[in-house]
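Hi,

Here's the structure I said I'd pass on to you. Have a look at it first, and then read my notes below.

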Amino acid sequence: PLREAVPDGTEDEILARGPAQFLGYADPKETLSAMMPDGFFCTGDLGYRTPEGAIVISGRKKDLIIRSGENISAKEIEDVLLRHPAVRDVAMVSMPHERSGETVCAFVIPGGKPPQLASLVQHLEGYRLAKQKYPEHLEIANDFPRTPAGKVRKFVLRQMIADKVKGGRE
């Protein structure tokens, strides 16, 4: 399906098309899912256009948590929780939820004494984030699985919490 341009300031997936664009992936199925019929490539990046025409990348499509049909940006929550005095690093991921499909799980590397979930929620309330963005679960970690470049492998964290929920150890 073709997608329409969104108004300036509206976050959506960034699509790209141009003469230097690659022809596709080695796996034809991947190419089919990433390329639009009109030649646009679905980057997987989320962003918005400013009134001046600049593109601002605001996150990754896979970093979205879809709770009861609403898209929640993991980065928005992470940016606020990094200001919490007991949080050295944080990664927000989707967690399977029976009623809402997905909910918010916070993986936290503490900066001292590990924080409690209630403390994180109170911190988010102070920044006036919407309640649906509050994490429902907290996992304390010593470190995160990372790529060689140091980027957090969120897919590993998502799988860890999904396995925990599925195993009933929640």
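Let's start with a tyrosine: Y25 is partly exposed, with a relative accessible area of 41%. Before going further, keep in mind that this is a predicted model.

Now for the rings. A pair of aromatic rings is described by how far apart the centres are and by the angle of the planes. There are 3 aromatic pairs in the structure. In one of them, F22 and Y25 sit edge-to-face, at 5.2 Å centre to centre and with 75° between the planes. F22 is partly exposed as well, its relative accessible area being 32%.

F22 also pairs with F41: the ring centres are 5.1 Å apart and the planes are at 90°, so this pair is edge-to-face. Where do the two residues lie? F22 is in the loop between β1 (12–16) and α1 (28–34), while F41 belongs to strand β2 (residues 41–49), so the pair ties together parts that are 19 residues apart in sequence. Is F41 buried or exposed? With a relative accessibility of 15%, F41 counts as buried, because the cut-off for that is under 20%. Put together, F22, Y25 and F41 are linked into a cluster by ring pairs.

β4 (residues 64–67) and β5 (residues 70–73) pair in the antiparallel sense, over 4 bridges.

Cheers

How values were computed:
Residues numbered from 1 in each chain as written. Predicted model: local features only at pLDDT ≥ 70, side-chain atom pairs only at ≥ 80, totals over all residues. Heavy atoms only, no water. Phe/Tyr/Trp six-rings, centres within 6.5 Å; stacked < 30°, edge-to-face > 60°. Buried < 20%, exposed > 50% of the residue type's maximum accessible area, 1.4 Å probe, protein only. Helix = DSSP H or I, 4+ residues; strand = E, 2+ residues; numbered from the N terminus. Pairing = 2+ DSSP bridges.
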